[in-house]
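Biologist: I have not seen this one before. Can you put it up and take me through it?
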Amino acid sequence: MKLVLDNDALTECFFEETRLLGIVAPIKDYLFCWHINKTLGVDFRLNNDIQIQLIRKRRNYFFDIYEYCEHHTSLTHYLYNNECDGEYLLPEVKHFDFLWLLKGDQVRDAPFQELASSIRVINSVQLVAELDKEKINNRQNMLF
């Protein structure tokens, strides 16, 4: 008997109860996280255990993910670096430098918009926009 992994179902399950922001900020990921941590009073940290590896053009690309868990809730924030050596985690939104995924708890519109507004005031940030996860073709690339 052969078991087959249903990637579509896995992707749907992963993205349940999530919200996604695309961020244009042309600076290094560690510097961007430092600005976010200082400005928003959060504690994003690099999580090497969930780093994403993609193989393209017979070469390995590694996309870093920073993680922050909110205290007293089940909401976790993930900040993905969308670019590695000229390749993109999500090629259809390659104009975004970072992807901010909120996962684990329902996020209402008002706090979500407040978060986006707080990110916009950071000096190096040029654009913050909500992404419709249903319209992203390569969202399985974000699974860890």
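Modeller: One term before we start: a residue counts as buried under 20% relative accessible area, exposed over 50%, and partly exposed in between. Keep in mind that this is a predicted model.

Biologist: Fine. Then is His35 buried, exposed or partly exposed?
Modeller: Partly exposed, because its relative accessibility is 22% and the buried class is for values under 20%.

Biologist: Where is His35 found?
Modeller: His35 belongs to helix 2, which covers residues 29-40.

Biologist: And what does His35 touch, leaving out residues up to four places away in sequence?
Modeller: Ile27 and Ile122. There is also Ser124, 89 residues from His35 in sequence, with 8.8 Å between the two C-alpha atoms.

Biologist: Let's step back. How many helices and strands does the protein have?
Modeller: There are 3 helices and 10 strands. In sequence order the pattern reads α-β-α-β-β-β-β-β-β-β-β-α-β.

Biologist: How compact is the protein?
Modeller: As compact as a globular protein of its length, because the radius of gyration is 15 Å and the globule rule gives 15 Å for 144 residues. The C-alpha atoms fill a box of roughly 55 × 35 × 25 Å along the principal axes.

Biologist: What share of the residues is buried?
Modeller: Buried residues are 44% of the 144. As for the surface, the protein exposes about 8,700 Å², and carbon and sulfur atoms supply 48% of that area.

Biologist: What about charges?
Modeller: I count 16 positive and 22 negative side chains, with the centres of the two sets 5 Å apart.

Biologist: How many bridges join strand 5 to strand 6?
Modeller: 5 bridges, with strand 5 (residues 65-69) running antiparallel to strand 6. Glu67 stands opposite Tyr78 of strand 6.

Biologist: Which strand holds Leu79?
Modeller: Strand 6, residues 76-81. Leu79 has a relative accessible area of 0%, so it is buried.

Biologist: What does Leu79 touch, again leaving out residues up to four places away?
Modeller: Its contacts include Ile23, Phe32, Cys33, Ile36 and Phe44, and also Ile65, Phe98 and Trp100. Tyr61 is 18 residues from Leu79 along the chain, and their C-alpha atoms are separated by 17 Å.

Biologist: And over the whole protein, what share of contacts between residues at least 6 apart join residues at least 24 apart?
Modeller: That share is 65%.

Biologist: Strand 3 next. Which side chains there point to the buried face?
Modeller: In strand 3 (residues 52-56), Ile52, Leu54 and Arg56 point to one face and are buried.

Biologist: In what sense do strand 3 and strand 4 pair?
Modeller: Antiparallel, over 5 bridges, with strand 4 covering residues 59-63. Gln53 has Phe62 of strand 4 as its bridge partner.

Biologist: How many residues lie between the strands in that hairpin?
Modeller: There are 2 residues between strand 3 and strand 4, and Lys57 in this hairpin takes a positive phi near 50°.

Definitions and conventions:
Residues numbered from 1 in each chain as written. Predicted model: local features only at pLDDT ≥ 70, side-chain atom pairs only at ≥ 80, totals over all residues. Heavy atoms only, no water. Helix = DSSP H or I, 4+ residues; strand = E, 2+ residues; numbered from the N terminus. Rg over C-alpha atoms; globule rule 2.2 N^0.38 Å. Buried < 20%, exposed > 50% of the residue type's maximum accessible area, 1.4 Å probe, protein only. Contact = heavy atoms within 4.5 Å. Areas by Shrake-Rupley, 256 points an atom, 1.4 Å probe, with all protein chains shown as cover. Lys, Arg positive; Asp, Glu negative; His and termini not counted. Charge placed at Lys NZ, Arg CZ, Asp CG, Glu CD. Pairing = 2+ DSSP bridges.
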